[in-house]
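These are my notebook entries on a single structure. I set down each item as I looked it up.

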Amino acid sequence: MRAFLASSIGVTCAAVLVLPSAVPAGAAPDNRTLPAESAGPVDVPGSTQSLPMRTLPATTDRATGEPTRAGTASEQGLPEREVRPFSLVGVVWDDVNTELHGTVQVRTRATTGTWSNWQDLETHNAEHSADPGTAERESGAVRGSTAPLWVGDSDGVAVRVRPEDPDPQDRNAPAVPLPGGLRLELVDPGKDPQQVSATDLGGVTAAGSQAGADGRTSTLAQGVLPALGKAESEARGEAEAGLAPGARPYIGPRPRIITRKGWGADEKLRERKFVYTSTVKAAFIHHSATGNNYTCSQAASVLRGIYRYHVKSSGWRDIGYNFAVDKCGNIYEGRAGGVTRAVLGAHTLGFNTNSMGIAVLGTFTKSNPPAAAVNAVAKLTAWKLGLFGANPRGKVTLVSGGGNKYKKGRKVSLNVISGHRDGFATECPGARLYKKLGSTRTSSAKLQGR
């Protein structure tokens, strides 16, 4: 997720973002109600603690008596403190167009009383955002933000933000100041919607489905779209597009999808309206950079934490990704608007129009993505890209909306299944996941019958 070059409010829990009416070219707002597969109230309140940072006091090295690097006047943070329970942490600042040049580290105390070591947060997150000039980006509510980090049940925290050291080859180079308005965001994702009845259901996971011994899940009717065979998927896709039978044969079988209701999305958090583009020409693959220290039964909680962080802390209209995949291969509906529709997301700065974003929950810079997750991406792209006639092994031309790799208006040839780094100078989706995209394209195309 870290960008090499980046171009880069908190609001009350009851508030809903109100965005300007302008939308990007090819996109249109939609005032219809939530699609049937996602509808229905859930009671997963959750909460966000937003703590302003301050300059940390200077400290002294015991051996030399000299001031240490930590504690310089330009370093900000918070010392260890007890807080209300939370499970996901991130840092935000006032100006979305300002990059944080430096490092952000947190220590957290588990509810068992054990403190973690210092952990890094990915500081460059602007490339996961709405395109420049769009209503979502220009709403006035969007803030700069790090990637969030999943830390599990915690009730204590410390944070330190250190500016980047000046160029040692240039003694006159000034230090780059930290962004203004730095705040620590502590997210409690709330309880799973089925947690109260878990005993009666025989062990329901956070995904809203019944867990097996291997951590995988079997379908429960509520909150899950069941898998369909290839023939039925093709027939439904043709019917929804108003085409004659057999007109669009290359649609992969629909995989099982856990809906927003299934993972417990609080629909009161997001912007009420939906925004659609004309088609889905490409899929951009991401990692969430939230770390790999979660179990599959916690995946829905991780997703709710990301959702709340994107909306309440970062100021987006909804979660940025169109879909998410966990380490066990479970697939989740992301941004609201309908899983078969061309929903405008906020996942690949400059290339959100006519594309979809799929985030694999985890960090895959140095860790290999599980085979189950990679296979799930192939299944999902075979079906969703097939609905719009896209060949997973093909190329597509997209017009850049502006970013650090391609200027606004430039026509760019990309793989139909691309990594985030193909459209933006970033480490996302992590080197290990990026290496899997070649085989993913092949598997996806085979599932389409190509």
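Entry 1. I began with N354, which counts as buried because its relative accessibility is 14%, under the 20% cut-off. The model is a predicted one. I located N354 in the loop between β17 (331-333) and β18. Its phi is positive, about 60°, although N354 is not a glycine.

A289 sits in the loop between β15 and α4. With a relative accessible area of 7%, A289 is buried.

For peptide bonds, I noted that the one from C428 to P429 is cis, its omega being near 15°. I placed P429 in the loop between β21 (417-419) and α6 (431-434).

**Entry 2. Two loop residues.** I returned to N354 through its contact with T279. T279 belongs to the loop between β14 (274-276) and β15 (282-287). I record T279 as buried because its relative accessibility is 17%. Setting aside neighbours within four places in sequence, I list A342, N354, S355 and F388 as the contacts of T279.

Next I checked G401, in the loop between β19 (395-399) and β20 (411-415). G401 counts as buried, at 13% relative accessibility. With neighbours within four places in sequence left aside, G401 is in contact with D131, P132, G350 and K408. I also noted the pair G401 and A130: 271 residues separate them in sequence, and their C-alpha atoms are 9.6 Å apart.

Entry 3. I looked up α5 (371-387), which has 17 residues. From first C-alpha to last, α5 reaches 25 Å, close to the expected 24 Å. Since 14 of its 17 residues are buried, α5 is largely enclosed by the rest of the structure. G389, with a positive phi near 75°, follows α5.

Helix α4 (residues 299-313) has 15 residues and reaches 20 Å, close to the expected 21 Å. I found 15 of the 15 residues of α4 buried. G315 follows α4, and its phi is positive, near 85°.

**Entry 4. Nonpolar cores.** Which residues touch the most other members of the largest nonpolar core? I found F323, I358 and L385, in a core of 36 residues. Among the elements that each supply at least two residues of this core are β15, β16 (323-325) and β18 (355-360). The largest share, 8 residues, comes from α5. Apart from this core I noted another, of 24 residues, including L88, W150, V187 and A299.

I then listed what I358 touches, not counting residues up to four places away in sequence. The residues are A283, F284, I285, H286, F323, V325, V377, L380 and T381.

**Entry 5. Largest pocket.** How much space lies in the largest pocket? I recorded about 430 Å³. Its lining has 18 residues, of which D120, L121, E122, T363 and T365 are the closest to its centre. β5 (102-110) and β6 (119-121) each supply at least two residues of the lining, and the largest share, 3 residues, comes from β5.

Conventions. Residues are numbered from 1 along each chain as its sequence is written. This is a predicted model: local features need pLDDT of at least 70, side-chain atom pairs count only at pLDDT 80 or more; totals for chains, interfaces and linings use all residues. Side-chain values use heavy atoms; hydrogens and water are left out. On a 1 Å grid over the protein atoms alone, a cavity is a set of points where a 1.4 Å probe fits but cannot get out, and a pocket is an open set with protein on both sides within 12 Å along at least five of seven lines; lining residues have an atom within 4 Å of a point. Grid points are joined across faces, edges and corners, and a volume is the space filled by probe spheres set on the points. Helices (H or I, at least four residues) and strands (E, at least two) are DSSP runs, numbered from the N terminus. Buried means under 20% relative accessible area, exposed over 50%, partly exposed in between (1.4 Å probe, protein chains only). Contact means heavy atoms within 4.5 Å. A nonpolar core is a set of buried Ala, Val, Leu, Ile, Met, Phe, Trp, Tyr and Cys residues joined through side-chain atoms within 4.5 Å. The expected span of a helix is 1.5 Å times one less than its number of residues.
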